[in-house]
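Take a look at the chain below. This report picks out a few side chains and their partners.

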Amino acid sequence: MTMIDYTVYLVTDQFNLSEDEFLKVIEEAIKGGCTIVQLREKTSSTRDFYNLAVKVKEITSKYDVPLIINDRLDIAQAVDAEGVHLGQTDMPCDIARSILGDDKIIGITTTTYQEATEAVKQGADYLGVGTLIPTDTKKDAELITKEDLELIRDNIKIPKVGIGGIKEHNTREIIEENKFDGVAVVSAIMLSDNPQQTSQNFYKLVKG
């Protein structure tokens, strides 16, 4: 597995953006320092998701940034994305690995230390740890406890990305407290008036 830079992990959301605006935000974010992109589509049809993934993959490939597809192994395979990100109700990590092979990235969302250890055991490449702070992007998300955060920080050795409610003003504190390898950002970049600058700001904050 090639070393992956998780510093600024953009998780997409279309909000009310047109497709052209959506794609432009992704490209501008990459120009600013976004190091990995997760395409997340919860309501699109399979065909629409595929068509959008093709366009996003063109952008990420142009800048040599890994593309991760949320949930859908079939879409990831169809567009030759670099990997998938799976939640606790999605396909188990070890089964996904047997389908995708060893050269693809698999990330797992974890809300407890037990989930984190299981993900590592099953061969996850990285963890999305959260939800850290309540967020409008995912209102039903379960918050992780301080105890679980500390256990994950002190015992889990694979890369970890903080997820949930991350903004510029709290990024440095989150990184320092939890020793994360990066932060997952949704609305702070997707809705930014200047995605390139915002992405650059996050990159500098994570790197300290």
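Predicted model: local features only at pLDDT ≥ 70, side-chain atom pairs only at ≥ 80, totals over all residues.

Lys31 forms a salt bridge with Glu28. Their closest N and O atoms are 3.3 Å apart. Glu28 counts as buried because its relative accessibility is 19%, and the cut-off for buried is under 20%. Both residues sit in helix α1, three residues apart, so about one helical turn separates them.

Side chains of opposite charge can pair when their charged atoms come close. The whole structure holds twelve salt bridges.

One of them joins Arg97 and Asp125, at 2.7 Å from N to O. Arg97 belongs to helix α4, and Asp125 to the loop between α5 and β6, so the pair ties together parts 28 residues apart in sequence. Both Arg97 and Asp125 are buried.

Arg40 pairs with Asp13, with 3.9 Å between the closest N and O atoms. Arg40 lies in the loop between β2 and α2, Asp13 in the loop between β1 and α1, so this bridge ties together parts 27 residues apart in sequence. Arg40 is buried at 16%, whereas Asp13 is partly exposed at 21%.

## Two buried helix residues

Lys57 lies in helix α2. Its relative accessible area is 12%, so Lys57 is buried. The Lys57 side chain makes a polar contact with the side chain of Ser61 at 2.8 Å.

Ser199 lies in helix α9 and is buried, at 0% relative accessibility. The Ser199 side chain reaches the backbone oxygen of Ala29 at 2.8 Å. Other contacts of Ser199 include Val8, Cys34 and Ile189.

Terms used:
Residues numbered from 1 in each chain as written. Heavy atoms only, no water. Helix = DSSP H or I, 4+ residues; strand = E, 2+ residues; numbered from the N terminus. Buried < 20%, exposed > 50% of the residue type's maximum accessible area, 1.4 Å probe, protein only. Polar contact = N/O pair within 3.5 Å; in protein donor to acceptor, adjacent residues only side chain to side chain. Contact = heavy atoms within 4.5 Å. Salt bridge = Lys/Arg side-chain N within 4 Å of Asp/Glu carboxyl O. Lists of a residue's contacts leave out its neighbours within four places in sequence.
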